[in-house]
Amino acid sequence: MFVRRSYRYRIYPTGRQTEALEAQIVEACDLYNAALDQRRRAWREHGLYVGYHDQSAQLRELRAAGLIDSSANFWSQQAVLRRLDRAFQAFFRRVKAGEKPGYPRFRSRRRFDTLEFSFAGHAGGIELTDQARLRVQGVGHVKVKLHRAIPAEAKLCEARVSRRNGRWYVSIALDAVAPRPLPATGRAVGLDMGVQTFAATSDGELIAGPRANRTAAAAVRRAQRKVARRKRGSNRRRKAVGLLARQREHEANVRRDHAHKRARTLVERYDTICVEQLNYRGLAKGMLARDCNDQGWASFVALLAEKAEDAARRLVLVDPKNTSQACSACGAIVTKTLGVRVHHCACGYRADRDVNAARNILARGLGWSLQAPTVGAEVHAVA
């Protein structure tokens with residue numbers, strides 16, 4: 001069995017290469033806005049729907065006529081049109097689902113930061129050389145920091161060159177990546193996600209959270225005040241906004257680092273990992289929204305599923321209903337508010353509230369997984 005993965009690396013373009021990349025981003029943004037304008041006008045004035053295939057065919061004609069820069073990579077320009085088409089598909093999906101539609105909008109050049117290429121030979125516009133250089137069409141050979149070796153059996157598919165707060169990155173999509181199974185441990189664990197602690201395990205361990213937002217709150221307030229004092233539209237305000245964005249990026253990096261390390265530790269220790277299947281989008285809008293977003297549960301579970309698949313472990317998603325209220329010893333329902341942090345049942349069982357919930361999650365997950373196949377890297381949901 002093979003899996004797909006995406007590796008992100010830092011790249012270090014020179015001054016001229018940076019100017020060339022930024023020029024291509026400007027052209028891609030203009031193409032995106034022109035394609036969006038064409039779709040809007042065709043529908044509003046003539047009632048016609050213009051799709052990706054129509055615009056891709058017109059793009060070829062415009063390049064041949066010299067109306068669009070033909071030196072730019074054609075596959076990359078098509079990727080811009082596909083990006084717009086995905087935005088419209090998401091719009092129609094939200095309309096059918098009764099959600100807030102969010103019609104695609106024109107993009108500012110300052111907020112358009114990604115170029116897409118393909119490794120399909122010279123026509124794709126990008127190539128990874130043996131000298132740890134990334135050859136980008138129209139840019140040259142850009143230095144790349146390969147901090148993580150690309151598997152020899154993997155097939156390079158696509159690449160995204162992105163600009164983020166003055167730094168440049170490339171994300172390489174790999175296909176046919178062979179998983180690396182870990183030796184079996186014969187152990188299983190239940191995880192209960194919490195606010196005061198990041199998670200509690202059925203073994204009684206309380207995992208501390210990253211708390212990146214609270215830790216950096218003072219620095220963020222200083223950066224926000226600096227932005228507020230600058231005149232709108234000035235270069236000084238733009239620089240202050242960049243400093244604030246860099247601070248927010250640091251918070252995201254702290255959460256990502258914590259999620260990677262904790263997920264890897266769990267995958268190495270346990271064969272089966274049971275996690276409650278929470279409504280993260282709903283929690284992000286509730287009373288504890290700030291704490292929930294600060295913990296980064298959704299990204300952690302996504303990384304845990306990815307690492308479990310790669311290590312041939314099983315991840316079981318469990319319905320969280322009554323996991324905090326039920327007693328893991330006798331099954332009785334002990335009603336508790338969020339302020340009650342200790343579970344104390346009439347049967348005499350006493351434990352931390354989150355540890356008790358984690359043991360209920362483990363029991364539900366194991367009750368199902370014992371009837372499931374024991375081979376393969378799988379993610380299952382259990383009601």
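Reply: Arg 264 and Glu 268 are 4 residues apart in helix α6 (residues 235-269), so about one helical turn separates them. Helices here are DSSP runs of H or I with at least four residues, strands are runs of E with at least two, and both are numbered from the N terminus. The side chains of Arg 264 and Glu 268 meet in a salt bridge, 3.3 Å from N to O. A salt bridge means a side-chain nitrogen of Lys or Arg within 4 Å of a carboxyl oxygen of Asp or Glu. Side chains of opposite charge can pair when their charged atoms come close. Arg 264 is partly exposed at 32% relative accessibility, and Glu 268 is partly exposed at 44%. On this scale buried is under 20% relative accessible area, exposed is over 50%, and partly exposed lies in between (1.4 Å probe, protein chains only).

The model is predicted: local features need pLDDT of at least 70 and side-chain atom pairs count only at pLDDT 80 or more, while totals for chains, interfaces and linings use all residues. Residues are numbered from 1 along each chain as its sequence is written, and side-chain values use heavy atoms, with hydrogens and water left out.

Asp 271 forms a salt bridge with Arg 313, with the closest N and O atoms 2.9 Å apart. Asp 271 lies in the loop between α6 and β11 (272-276), and Arg 313 lies in the loop between α9 and β12 (314-318), so this pair ties together parts 42 residues apart in sequence. Both Asp 271 and Arg 313 are buried. There is also a network, in which salt bridges that share partners join Arg 248, Glu 251, Arg 255 and Asp 294.

Helix α9 (residues 297-310) contributes Glu 309 to another pair. Glu 309 forms a salt bridge with Arg 5, the closest N and O atoms being 3.4 Å apart. Arg 5 is in strand β1 (residues 3-12), 304 residues from Glu 309, and the pair links distant parts of the chain. Glu 309 is partly exposed at 27% relative accessibility, whereas Arg 5 is buried, with a relative accessible area of 12%. In total, the structure holds 21 salt bridges.

Strand β1 also belongs to an open sheet of 7 strands, in the order β2-β6-β7-β1-β5-β4-β3, with antiparallel pairing. Two strands pair if DSSP finds at least two bridges between them. The edge strands, β2 (114-118) and β3 (126-128), each pair on one side only.
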